[in-house]
Amino acid sequence: MTERTGGCLCGQVRYRLGADPVSVRICWCRDCQHLSSNGTVNAIVDSASIEVMGSPAAYTSTSDSGNRVTRRFCPACGSHLLADSTGRPGLTVVRVGTLDDASSVRPTANIWSASAPDWACLDGSLDRVEGQPMPPSPSR
Ligand SMILES: [Zn+2]
Ligand SMILES: [Zn+2]
């Protein structure tokens, strides 16, 4: 296992991952496009293995899949760090761009690709799912 750390742009919120991701994917749902102006790159990690330092703010909404998604972000600089969904209890999404070493993980799929804008660069060598993928299962 590789221990990974990350945090927001201003450094007020930091986190440490005590487990390897069970999946890494690029999400093109419209909610993610609002957060990032692009697809979001997401590592899905066992929630219990994540230690958060600092006090992120949270925003909950109903996603295109119908799940309730709670996103945690820095109240000072606005960086989105983590997201939990009622569709995958026990697993948390980590926004890969906030990792100190974003090259330490590699996405394997584009999801919600049907919602991507027509200029989006989707790597043809990755799996592609037009909408909601099957939930990954926890590694333990
Ligand atoms: Zn911040
Ligand atoms: Zn999304």
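Colleague: Which residues have the most contacts inside the largest nonpolar core?

Modeller: In this predicted model, the largest nonpolar core has 15 residues, and the elements that give two or more residues to this core are β2 (14-17), β4 and β8 (80-85). A second, separate core of 6 residues includes Ile26, Ala116, Leu122 and Leu126. Inside the largest core, the residues with the most contacts are Tyr15, Leu17 and Val94.

Colleague: What arrangement do the 4 donor atoms around the zinc ion (ligand 1) have?

Modeller: The protein donors are the SG atoms of Cys8, Cys10, Cys74 and Cys77, lying 2.3 Å from the zinc ion (ligand 1), and in sequence these donor residues are spaced C-x1-C-x63-C-x2-C. Four donors count as tetrahedral if all angles lie between 85 and 135 degrees. The 4 donor atoms subtend angles of 106 to 116 degrees, and therefore the arrangement is tetrahedral.

Colleague: Is Cys77 buried, partly exposed or exposed?

Modeller: Buried means under 20% relative accessible area and exposed means over 50%, with partly exposed in between. Cys74, at 1% relative accessibility, counts as buried. Cys77 has 27% relative accessibility, so this residue counts as partly exposed.

Colleague: Is Trp112, which has a positive phi although it is not a glycine, buried or exposed?

Modeller: Trp112 has a phi of about 55 degrees and lies in the loop between β10 (109-111) and β11 (127-129). Ser37, in the loop between α1 (30-36) and β4 (40-46), also has a positive phi, near 65 degrees, and with a relative accessible area of 60% Ser37 is exposed. Trp112 has a relative accessible area of 14%, and so Trp112 is buried.

Conventions. Residues are numbered from 1 along each chain as its sequence is written. Chains are lettered from A and ligands numbered from 1 in the order in which they are written. This is a predicted model: local features need pLDDT of at least 70, side-chain atom pairs count only at pLDDT 80 or more; totals for chains, interfaces and linings use all residues. Side-chain values use heavy atoms; hydrogens and water are left out. Helices (H or I, at least four residues) and strands (E, at least two) are DSSP runs, numbered from the N terminus. Buried means under 20% relative accessible area, exposed over 50%, partly exposed in between (1.4 Å probe, protein chains only). A nonpolar core is a set of buried Ala, Val, Leu, Ile, Met, Phe, Trp, Tyr and Cys residues joined through side-chain atoms within 4.5 Å. Donors are N, O and S atoms within 2.8 Å of the metal (3.2 Å for Na, K and Ca); water is not among the atoms, so sites may look incomplete. Four donors count as tetrahedral if all angles lie between 85 and 135 degrees; four count as square planar and six as octahedral if opposite donors are over 155 degrees apart and all others between 65 and 115; anything else is irregular.
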